[in-house]
Amino acid sequence: FFLLQVLNEKKLQEVDSLWKEFETPEKANKIVKLKHFEKFQDTTEALAASTALVEGKLSKNLKKILKKIVAKDAHEQLAVADAKLGGVIKDKLNLSCIHSPMVTELMRGIRSQIEGLITGLPSREMAAMCLGLAHSLSRYKLKFSPDKVDTMIIQAISLLDDLDKELNNYIMRCREWYGWHFPELGKIITDNLTYCKCVRKVGDRSNFASSDVSDILPEEIEEDVKAAAEISMGTEVSEEDINNIIHLCDQVIEISEYRTQLYDYLKNRMMAIAPNLTVMVGELVGARLIAHAGSLLNLAKHPASTVQLLGAEKALFRALKTKRDTPKFGLIYHASLVGQTNIKNKGKISRMLAAKTALTIRYDALGENTSAEMGAENRLKVETRMRLLEERGIRRISGTGKALARTDKYQNKSEIKVFDPSGDSTLPAVSKKRKIQEVEEQDTEIAVKAKKFKPDMKEERTVEDGEPVKKKKKKKDKEKQAEEEEVLNEEHPTSPTVECELCCLATCVALLFHYALFIATFVCLQNTEKKKKKKKKMKDEDED
């Protein structure tokens, strides 16, 4: 600790230009002057004082120094960079303290020229002391404890997995070996440990009738075993073979007992080192996550997305390589919360569980508190989310939030599609407009025919009895013509406007028809003239 006295207070009023007064050590010595200095005995004392300052508390050494100042200069004010610490000093020592932007700028200038203000300290030693204190302070902030040794957990879970593999091999070998002698026993007794205990106690199948296995098997199963032993289809084996099978059963029982003991040890260590992680995902899954990451601290550095996919790295990179769907879970799939959910919601629950698990891992690795309250709260949140997904409970945004949103009942409306044969036709489909045009064209053709149907007033000469006779049209022809027109009007009734339109269309069609004939005749004439010229040229050439 060191105390500085301000020499020129007028220059402190100019806050914006105060940094110019601390550009060099000489200028800094004109502003402030060293009044009191007290060193620490060791690093632990410096760490205790610095942590107290960080937390805004008043340490014992600082309290002694300030009491000396109060006794000498009680009327002066103390500039403090931390307002909380200034309040504590004012309450306990009744010393007036100042905290303002001017004070922060002054502290920044003192920090930049601290080597020039405090004489007798080489810069190299100053840097070494600052570095050591910074490391100690960072360890204290992270609450790093050497008692949290997670290496034992990694070794224990690895051994537990190895024991499970060996137990499976031993039990399958025992069932297959003793099955040659008594094959019916394997179907009656399904539990592996009970099977080995029964074989070790009885030995040969002929001893089942006289032996009592009520301490191992229930009465119903014991009766079934004794009845099956009398009519067994197995082969006879020697006493030496039975002794080897019994020795194998002893090994299975011993390994299974050691496995239960190791599991209890692992459970206790997990509750001591990572209680919140244990509450969230269980002892085995938590231990496997720690072993996969290498340590609890390394696991705390992983984000939630990585925690979700730990153990499924091969599937992830295979999916990225083949451009398929990536996996949704890794080791966290074996957690009880993921196993309880439906197949549809496993991805959502595993993602939420991974996010909450990442928080609990960091709390266990870097936190000071060893309680499992945070893990229990997060587990409750995941359980409520899982319940909502299973019930399809979509809460309302407004209102009480307790009522479920009403959804319409789903009704399956199946439509029977019939084959459309019109798609097989190669002819173009005729639209409704085309049909109307065709009707109008038919009307025009009928009108044209009606116009053309005029009686010739010319005289027609016929030969009757060798003499030409003049013949005139009779009135009957006119009457017939009128009747035909009435029939046409009845079949195709038209309004006056429609008749005008039909007449215009008829005239246009007639003009177009004559124009087309004119062009056709003109083209034919040109072709004939060209042919004639070619023939003349050919004749001239032949004559030449």
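According to the UniProt annotation, which comes from an unreviewed entry, residues 509–528 form a "transmembrane region"; UniProt positions follow the numbering used here, feature names are shortened, and such annotations may be inferred rather than shown by experiment. In the predicted model this span is 100% helix and 0% strand, and its end C-alpha atoms lie 29 Å apart. Residues are numbered from 1 along each chain as its sequence is written. Because the model is predicted, local features need pLDDT of at least 70 and side-chain atom pairs count only at pLDDT 80 or more, while totals for chains, interfaces and linings use all residues, and side-chain values use heavy atoms, with hydrogens and water left out.

The protein contains 23 helices and six strands, where helices (H or I, at least four residues) and strands (E, at least two) are DSSP runs numbered from the N terminus. Of its 544 residues, 27% are buried, a term that means under 20% relative accessible area, with exposed over 50% and partly exposed in between (1.4 Å probe, protein chains only).

Ser 232 is found in the loop that lies between helix H11 (219–230) and helix H12 (239–273). Ser 232 counts as buried because its relative accessibility is 14%. When residues up to four places away in sequence are not counted, Ser 232 touches His 181, Phe 182, Pro 183, Glu 184 and Arg 205, contact being defined as heavy atoms within 4.5 Å. A polar atom of the Ser 232 side chain also lies 3.3 Å from the backbone nitrogen of Gly 234.

Key
A polar contact is a pair of N or O atoms within 3.5 Å; within protein, one must be able to donate a hydrogen and the other to accept it, and residues adjacent in sequence count only if both atoms are side-chain atoms.
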